[in-house]
Amino acid sequence: MKDDVIPPQTDLRSPPQVMRLARMGAMFPTRLSFLRSLMRRLAAENVTVTRPVWQMSEDGFGHAVYSLDLGGHVYSLVAVSTDLPPELRTDRVIATAWDSAYVLYDGVPDQEEIARITAAAPKQEAARFTERDLILSRANKSVRLFAHVVEALRAGRQPDRDMIRDVGYLMRTTAVYGNGKFGIADRNLIDSRTGLEGPFAAEMLTVWLIRHFTHDLVEHTGKGRLDPQLKRHLGIGNSTGLGMAPFLVNHPVLLNNWMLVRETALARVRAIDRLEGAQQDRLHQLAARAATHLAEWNVPDPAHQARIDALRGDWDRVRARFDFGVQRPLDHAMTSIQHASFDVQELTAAMFIEPFGDLVDGLADCMGDPFGGFCPPVGKLQALRDLIETQFTWALTPDYDAPENCGQFWYVSEAKQEPRLGLRFEEDGAALESPLDIGRRIKALHVALLSEQGSLAEFLAAHPEHALAVSRVQMGARYPYAEIQDNLIATSCLPIDMLRCKLSFFGASKFDPKSDRWTRITLCQGAPLAGDLRDNADDWWLPVFQP
Amino acid sequence: MMCSANEVMTLAAKAALGGGAPPAQASAFGRAALCHLIAGRSDKALMDALGALPDGPILSLPLAFLALTEGTGSESGSGSGTGTRATGSMPETDLTLSYAEAQPFATSAVPQAGMITVQMTLSEPAQIPPVARVQIAQPLADQMTALVAKRLVPESDASRLSGAGAGLTDND
């Protein structure tokens with residue numbers, strides 16, 4: 001950790017407690033989420049957003065360029081707005097056209113570069129990009145809200161506040177590509193730059209600028225100005241599907257660092273001995289804000305709405321009992337809710353971290369993976385066996401031959417080369433299964449090791465299929481939060497839990513699951529506008545509608 | 001074809017997987033292939049390695065380096081590990097140099113008289129240096145792309161509806 005003096009902390013919640021899908025699927029954003037960290041950085045650096053190019057038809061089709069200086073580098077968002085026939089509008093990854101397309105550009109693009117990007121960006125995956133192009137994205141309109149806001153502004157009035165509150169965004173992104181995809185810049189070309197060191201920092205910067213563009217676009221098309229309070233509540237939506245789920249499995253060190261930082265932050269605030277009166281008041285205010293946020297969080301899916309409804313009731317009961325005047329108040333409160341639902345526990349954890357930036361914000365510097373999954377070898381077979389038996393009991397427990405424990409398989413589809421999840425006993429393709437069955441592999445390794453002596457190299461020469469499991473077990477010694485401690489091929493595995501975990505680290509709220517495999521979310525809702533960075537840039541955890 | 005480093009590494013790893021390499025060895029090949037192309041070494045070594053799957057250097061070279069870390073040597077070389085340091089030698093090939101450069105530990109590889117002397121500091125992480133662009137020749141790209149395709153599952157009506165989880169309505 002980079003802090004000069006490490007604050008005291010309680011014991012961390014253990015990996016077997018934390019790294020379960022059901023709990024990961026109940027996570028909320030925190031002040032350590034990437035968008036929050038980015039906003040603090042933008043505010044600290046006094047960033048100003050300019051709009052050097054705005055070439056837009058009256059109906060809002062054309063292109064624009066936004067620029068800002070962050071850490072001594074200028075970045076520009078090139079935004080392209082297209083007149084999309086309604087029948088082509090879909091959020092699914094199979095789409096080939098979108099309402100808008102974006103490139104975050106390294107520098108200020110000249111006319112030639114703008115022409116290149118405005119031609120290529122609308123084609124997305126079908127085009128090729130350069131190392132000056134840092135991020136590639138696209139977004140579709142929330143047609144209902146966008147049209148309403150335009151109509152209202154053209155009529156000289158503000159849009160319906162209930163609609164603004166209920167939808168919460170004018171456009172939603174359906175992909176935000178980074179790290180070399182389709183020829184854009186590799187992440188390691190920019191990850192040492194001030195402001196872009198953190199995970200997904202360039203992606204979050206892009207999303208925030210896209211939100212800014214959607215505000216400008218609707219005001220331009222509506223020929224009027226939105227109330228700033230309404231504007232601040234308009235975030236940017238996002239549709240996310242299975243493509244994101246394997247990331248957590250394929251980047252175990254990042255997952256470890258994200259979870260370890262969050263748990264360390266929680267442990268630090270739990271160690272606070274006494275809270276001042278103002279701090280107690282602040283926590284009660286945040287608890288009330290959370291209640292309002294929950295009340296404003298409504299989704300069409302009955303099952304998820306029932307879960308939100310239950311959380312509303314539970315939250316009101318739990319927060320009424322919070323007593324922050326006792327010794328070690330936050331530790332006491334967390335202990336008191338240890339048998340509550342995961343939703344309550346994780347909401348409480350996120351809230352408790354919120355007021356204590358001085359204790360936890362420095363931890364955000366530890367959320368990257370500067371060493372690329374570095375892990376010294378364990379070496380001896382007995383050491384591997386011991387590691388499995390002490391740290392991977394979760395992997396040894398299931399009978400992976402039982403149909404319910406292997407009922408699903410991950411694969412990559414031919415059509416879009418995107419991750420998919422199939423039913424093993426009903427669909428073809430299991431022979432081409434992707435290696436996300438980490439638990440099953442570790443159990444198979446354990447069985448194979450029982451009868452082996454000699455060196456690891458000799459073992460893997462005879463059993464090369466176990467090399468992946470060996471590498472994951474070796475990582476376990478150094479990265480205790482690296483593995484999702486659940487069977488990812490069980491019939492009961494819900495990818496939506498993986499999506500929510502990752503998206504909460506982005507800073508997403510208002511999760512709106514459309515199935516157990518894809519969800520809509522809202523990013524940047526309540527986040528400072530470009531002109532607000534100097535004032536109150538950091539107080540937007542679980543935003544509520546405040547016009 | 002000019003690509004990002006991540007594209008090359010991912011393409012090579014997926015190609016090895018498509019050719020029959022286990023996942024960890026396929027990932028190691030992805031890193032090595034990137035180092036190989038950055039260094040401007042021969043495409044033929046990569047193509048031959050992929051062509052040799054499910055055997056060949058994509059399986060044996062990771063073992064050779066692992067053996068060095070264990071101080072146990074291997075069929076292709078010999079070595080000694082001393083906790084955090086490992087040294088040894090193995091026959092010189094273009095691909096061996098590339099695997100040495102792709103090690104996640106600080107590694108030096110010195111060719112001499114047909115052998116490569118390898119020194120690894122196991123406590124010190126190493127990263128492949130950033131590069132803006134990597135050139136990949138079309139025949140190699142074509143071979144890799146064909147191998148990648150072997151791992152792709154054709155869509156069916158059922159998987160189209162359920163595989164990604166999207167329903168029929170996703171607009172508002």
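**View 1. Helix α7 of chain A on its sheet.** Helix α7 (residues 201–222) of chain A lies across β1, β2 (62–70), β3 (73–81), β4 (100–106), β5 (133–141), β6 (169–177), β7 and β11 of chain A. The helix runs at about 145° to β6(A). Axes here are lines fitted to C-alpha atoms, for helices over the stretch in contact, and angles run from 0 to 180 degrees between N-to-C directions. Contact means that the C-beta atoms of two residues, placed from the backbone, lie within 7 Å. Helices (H or I, at least four residues) and strands (E, at least two) are DSSP runs, numbered from the N terminus. A word on the model: it is predicted, with local features needing pLDDT of at least 70 and side-chain atom pairs counting only at pLDDT 80 or more, while totals for chains, interfaces and linings use all residues. Residues are numbered from 1 along each chain as its sequence is written, and chains are lettered from A and ligands numbered from 1 in the order in which they are written.

**View 2. The nine-stranded sheet of chain A.** Follow the strands across and you get β1-β2-β3-β4-β5-β6-β7-β11-β10 (chain A), an open sheet of 9 strands with mixed pairing. β1 (50–56) and β10 of chain A sit at the edges with a single partner strand each, so one side of each has no neighbour in the sheet. On average, neighbouring strands of this sheet are turned by 25° against each other, direction ignored. Two strands count as paired if DSSP finds at least two bridges between them.

View 3. How many residues of β11 (residues 519–523) of chain A are buried? The count is 5 of its 5 residues, where buried means 20 or more other C-beta atoms within 10 Å of the residue's own, exposed means 12 or fewer, and partly exposed lies in between, with C-beta atoms placed from the backbone. Thr519(A), Ile521(A) and Leu523(A) point one way from the strand, Arg520(A) and Thr522(A) the other way, and all are buried. In a regular strand, side chains alternate between the two faces of the sheet. Strand β7 (residues 235–240) of chain A pairs antiparallel with β11(A) over 5 bridges; look for Ile236(A) opposite Leu523(A) and Asn238(A) opposite Ile521(A). Strand β10 (residues 509–513) of chain A is also antiparallel to β11(A), with 3 bridges, and Ser509(A) stands opposite Thr522(A). β10(A) and β11(A) make a hairpin with 5 residues between them.

View 4. β8(A) runs antiparallel to β9(A), joined by 5 bridges, and Trp410(A) stands opposite Leu421(A). On the chain B side, 2 bridges join β8(A) to parallel strand β7 (residues 152–153) of chain B, where Val412(A) faces Leu152(B).

**View 5. The contact between the chains.** Chain A puts 56 residues into the contact and chain B 41 residues. On the side of chain A that touches chain B, α5 (143–154), β8 (408–413), β9 (419–423), α19 (456–462) and α20 (467–478) of chain A each supply at least two residues. α19(A) gives the most, with 4 residues. By class, this side of chain A has 24 nonpolar, 18 polar and 14 charged residues; Ala, Val, Leu, Ile, Met, Phe, Trp, Tyr, Cys and Pro count as nonpolar, Asp, Glu, Lys and Arg as charged, and the others, Gly among them, as polar.

View 6. Leu460(A) lies in helix α19 of chain A and is buried, with 21 other C-beta atoms within 10 Å. Leaving out residues up to four places away in sequence, Leu460(A) touches His466(A), Ala467(A), Val470(A), Leu63(B) and Leu66(B). α20(A) has 12 residues and reaches 18 Å from its first C-alpha to its last, close to the 16 Å expected at 1.5 Å a residue, the expected span being 1.5 Å times one less than the number of residues. Buried residues of α20(A) include Leu468(A), Val470(A), Arg472(A) and Val473(A). The buried residues of this helix pack against α10 (252–270), α16 (381–391), α18 (438–449) and α19 of chain A, together with α2 (23–38) of chain B.
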